[in-house]
Amino acid sequence: SELLSNLLMNSSPDAKFRLGPKRTLEDIQLIRVCLHWVSVVLSVPTNPFSKLFHAAQEMKKEYLPGMPEDSSAALLKVMAGHGVWLCPNDHIYFVGNCTATNASGKCQQCGADIGNAAGQKSHTAAAGNRRIGKIDKNGKIVPDNPYSGATEGMAEYNPEKLAPKGYVVIDGSDDVCRGLQEVSVRIVRLLLNAVLYVHSTEEATSEAHLVTQIEAGQCSKKLKAFLLKYIKELRNNLKLSFEDVSYLLHCIIHNFYLHFPQKYPQGIAELSQPKKRIAFEIWMVQACIKPVTHNPRVLIAKVRQQVSESPLILKWSKRFSDELDLQS
């Protein structure tokens, strides 16, 4: 594609991805990880990451790897007394006051019309918007069928529907979900954002801002910030340098390249159900991530041996990595 050609030829229209004399080493290492990852996901059978790259908009209706769990009972307690509704694409939203639809709006996750039908009298739900019930003081959703304001019908409460589809901007703390521990969650989210980051560099054709709901002109900048945030957290978790985290990510990416075609020779058509996402995440952790994070320094040393033949470079890179006394 034109995007990959521009990146490989160092002629990206986005200056953030063009290499030059003022580039920092960490910038170059980050770009290499991103290009390695995108090259791999596009070279193996269809997978959630390649689908995100080729048809980003379609992934708004699927459960993306690494995205957060349900909104939790804690949130529901905060929303006690609110009505619970579903948008046409099964994303949950809440209505206060009388709990029936009054104002019109857009779904934060998919952009569909929610709330009241535009131009209609109050308590006339927008097309495809169904009511589930009302949240009691204990954070429990209580069905209230029949409900006169549910002009588009009622829906049964399903906890899985609290798990958001599509991309979710995660600014707060949500480091453990679906049994995945901190390191695994951060790696999966980093890889997901890396795909969108590369995609966003071709602003004229990129759909990354539509998927993330981040302003088009700020999309690549925001996504890069997410990547650096996850790398920093991985450095703290694993006690590694920036360079070592990049080596670790390259190892994980290589594992994906080796094992995904064996596990999914026909690829993955879609992740339209939470259970399918869970199965894919479990496989990714077991086959790609844990073999690397279990003993990262051993694998990092092997990678370093492969990328440099200079004994002097190997010696000093190990010193920086291990934070040894440079006077010794």
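Helix α8 passes helix α9 in a right-handed crossing. This is a predicted model, and in it α8 covers residues 242-263 while α9 covers residues 274-293. Their axes come within 9 Å and cross at roughly 135°, so the two helices are oblique to each other.

Who does the touching here? On the α8 side it's Leu248, Cys251, Ile252, Asn255, Phe256, His259, Phe260 and Lys263. On the α9 side you'll find Phe280, Trp283, Met284, Ala287, Cys288, Ile289, Pro291, Val292 and Thr293. Sort the residues of this contact by type and you get 13 nonpolar, three polar and one charged.

Now for a second pair, α5 (182-200) and α7 (219-238). The α5 and α7 axes are 9 Å apart, and the helices pack at an angle of about 155°. That angle is over 145 degrees, which makes α5 roughly antiparallel to α7. Their crossing is left-handed. The residues that α5 brings to the meeting include Glu182, Arg186, Leu190 and Tyr197, and among those from α7 are Leu223, Lys224, Tyr230 and Leu238. By type, the contact of α5 with α7 holds 14 nonpolar, four polar and five charged residues.

Here are the two pairs side by side:

| Helix pair | Angle | Axis distance | Handedness |
|---|---|---|---|
| α8 and α9 | roughly 135° | within 9 Å | right-handed |
| α5 and α7 | about 155° | 9 Å | left-handed |

Setting aside its neighbours within four places in sequence, Lys224 is in contact with Arg23, Asp27, Leu30 and Tyr197.

Next, the nonpolar core. The largest one has 64 residues, and the members touching the most other members are Trp37, Phe256 and Phe280. Helices giving two or more residues to this core are α2 (25-43), α3 (48-54), α5, α6 (208-212), α7, α8, α9 and α10 (296-307). Which of them gives the most? That's α5, with 12 residues.

Leaving out neighbours within four places in sequence, Phe256 is in contact with Trp37, Val40, Val41, Val44, Asn47, Phe49, Pro261, Phe280, Trp283, Met284 and Cys288.

Two loop residues have backbone angles worth a look. Most residues other than glycine have a negative phi. Asp90 has a positive phi, near 70°, and sits in the loop between β1 (83-86) and β2 (92-95). With a relative accessible area of 21%, Asp90 is partly exposed. His123 isn't a glycine either, yet its phi is positive at about 70°. You'll find His123 in the loop between β4 (113-115) and β5 (130-135), where it is partly exposed at 35% relative accessibility.

Stepping back to the whole chain, the secondary structure comes to 11 helices and six strands. Of the 328 residues in the chain, 48% are buried. And what share of the contacts between residues at least 6 apart in sequence join residues at least 24 apart? The figure is 64%.

Conventions. Residues numbered from 1 in each chain as written. Predicted model: local features only at pLDDT ≥ 70, side-chain atom pairs only at ≥ 80, totals over all residues. Heavy atoms only, no water. Axes fitted to C-alpha atoms, helices over the stretch in contact; angles between N-to-C directions. Helix = DSSP H or I, 4+ residues; strand = E, 2+ residues; numbered from the N terminus. Parallel < 35°, antiparallel > 145°, perpendicular 65-115°, else oblique. Left-handed = near helix turned anticlockwise from the far one by under 90°. Contact = heavy atoms within 4.5 Å. Nonpolar A, V, L, I, M, F, W, Y, C, P; charged D, E, K, R; others polar. Core = buried A, V, L, I, M, F, W, Y, C linked by side-chain atoms within 4.5 Å. Buried < 20%, exposed > 50% of the residue type's maximum accessible area, 1.4 Å probe, protein only.
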